[in-house]
Amino acid sequence: MTLDYSSLLVAVGFSGACLALTLFGSWLTARSERFLLTWSLAVLLIVVNVFAYSLYINTGQVLYAYATYALLLGGFSLMLGAAHQFRTGNSPIPLFASVGIISNLIAITPLVIGYDGLGFMLLNIAACVILLAVAVEYWRGRKEAPGQIIGMVVLYTLTGISFALCAAVLIWDGNLILGSAPKNWAENLNLATAIAGLTGIGAISLTLNHSRMARVHQHDAQTDQLTGLFNRRALFELFGKSKPGPLMAVIMFDLDNFKAVNDEYGHAAGDEVLRIFASELIANKRSTDVAVRLGGEEFALVLTQILPDRAESTAERIRAAFARRQIMTDNGMLSCTVSAGVGFSGQEDISFERLLIDADQALYGAKRDGRNRVSGSTYLRVV
C-alpha cells in the first residue's frame, strides 16, 4: 500500500508549525533561554522546506528542489547551532553558517549539473550526519537532565537513521538521474519518523526548558546576588534539618569596622570589599565546603569531615589573606580585616543551630579581644 505523500507532508508541516509556535511562545516567557528562539527558527525553516518539497513533487520544477535542499540543510544546521547554544550558551551563528554552507555546497552541486539522483543521495547523507551531530551535542550535555536529554538523543538518532535509509535505497538503485522526487518505502518511513521525531523532540525540549527554569529560580532563591555565594536560606535548606556529625565545623566571619568603610569610601567600595572577601573564601575552601553570605558583612563557611585544628587553620589562612589585600577604590587604596569564630560539632547529637551559636559566640569573643583574629568555641578549645 502506497502512502499519500501529500497527507504526510501536510502532517509534518502542521506538526512543525505548531512546534515552532510553541517554542517561540516559551522563549517569549523566558528570553534568557535563547536556544528556544534558535530552535523555533530552525523548525520554521523545516516547515517551509516541507511546503517547498511538496511543490517540487507536484511540479517537478528544479527551483523548488533548490529551495528544498537549502531549507532542509539550513534548518538542520540551525538545530545543531541551537543544541550547541543550549549546551554552552555560545552563539549558534558560526556553527550554523559553516555547516549550512558546506552541506549545501556538497548536496546542491550535483543537482546543478543535472545529477538529481546523486544530489538526493548526498542530501540524505548530509541530513543524517547533521542530525547525528545534534544528538552528539546533546549527549555531551546530558548531565544537566540525563533522562530527558537521552530521550532527545534517541529521537535525533532515529530521525538521522531514517535519512540514512533514504540514501541507502537510492545508492542501491544506482540512479544518478531521477527527473523527479524519489518515492520508496524509505521515504515513507522518513516522513513518518519526522512526524514522530518532531513531536517527541518538541515535547522533551519544552519539558527540558521548564526544568532548567525551575533550577534557575531555585539557584536565584539560594544565591546572594552581590557575591555569588549561597545565602542564609540556602544554608538552612542544606544543613538546617540534618545532624552535623562528629567532624563538622562552622566558621563565622564578620568584617571589622565595615560601616566605616561605607562612610569613608562609599557603598560601591563597600560592595567591592564584600566581593573580594567572598573571593578569598572561595579560594581557600575545599570543593566540599560551603561558603555563605549570611547578610551584611557576615559570612560563614561550613566544613565537613575536618578536625578542629584544620578548621582553625583554615579560618586563620582566610583571615591573613584578606588582611593582606590592598583594595583600589575611587577614594584611594584601603585594606580591611576580618574576625572569625569557629564552632566544632564534636558530638553526634548536637544540632546545626547549636553549632552556629557556638561559632557566633566564638566570633564575638574574637571581636571582644581586639578584632582581626580567630577564636574557637569553648568546646573547641578543650578538645
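Me: Which residues in α4 does α3 meet?
Reply: On the α3 side, the residues that meet α4 include Tyr-66, Leu-73 and His-84, where contact means heavy atoms within 4.5 Å and helices (H or I, at least four residues) and strands (E, at least two) are DSSP runs numbered from the N terminus. This is a predicted model, so local features need pLDDT of at least 70, side-chain atom pairs count only at pLDDT 80 or more, and totals for chains, interfaces and linings use all residues. Residues are numbered from 1 along each chain as its sequence is written, and side-chain values use heavy atoms, leaving out hydrogens and water. The α4 partners are Leu-95, Phe-96, Val-99, Gly-100, Ser-103, Asn-104, Ala-107, Ile-108, Leu-111 and Val-112.

Me: Are α3 and α4 roughly parallel or roughly antiparallel?
Reply: Their axes, lines fitted to C-alpha atoms over the stretch in contact, with angles from 0 to 180 degrees between N-to-C directions, come within 8 Å and cross at roughly 155°. Angles under 35 degrees count as roughly parallel, over 145 as roughly antiparallel, 65 to 115 as roughly perpendicular and the rest as oblique. The two helices are therefore roughly antiparallel.

Me: Which residues does Phe-76 contact, beyond its neighbours within four places in sequence?
Reply: Phe-76 is one of the residues touching the most other members of the 46-residue largest nonpolar core, a set of buried (under 20% relative accessible area) Ala, Val, Leu, Ile, Met, Phe, Trp, Tyr and Cys residues joined through side-chain atoms within 4.5 Å. Its contacts beyond those neighbours are Ile-46, Ala-127, Ile-130, Leu-131, Val-134 and Phe-163.

How values were computed: Buried means under 20% relative accessible area, exposed over 50%, partly exposed in between (1.4 Å probe, protein chains only).
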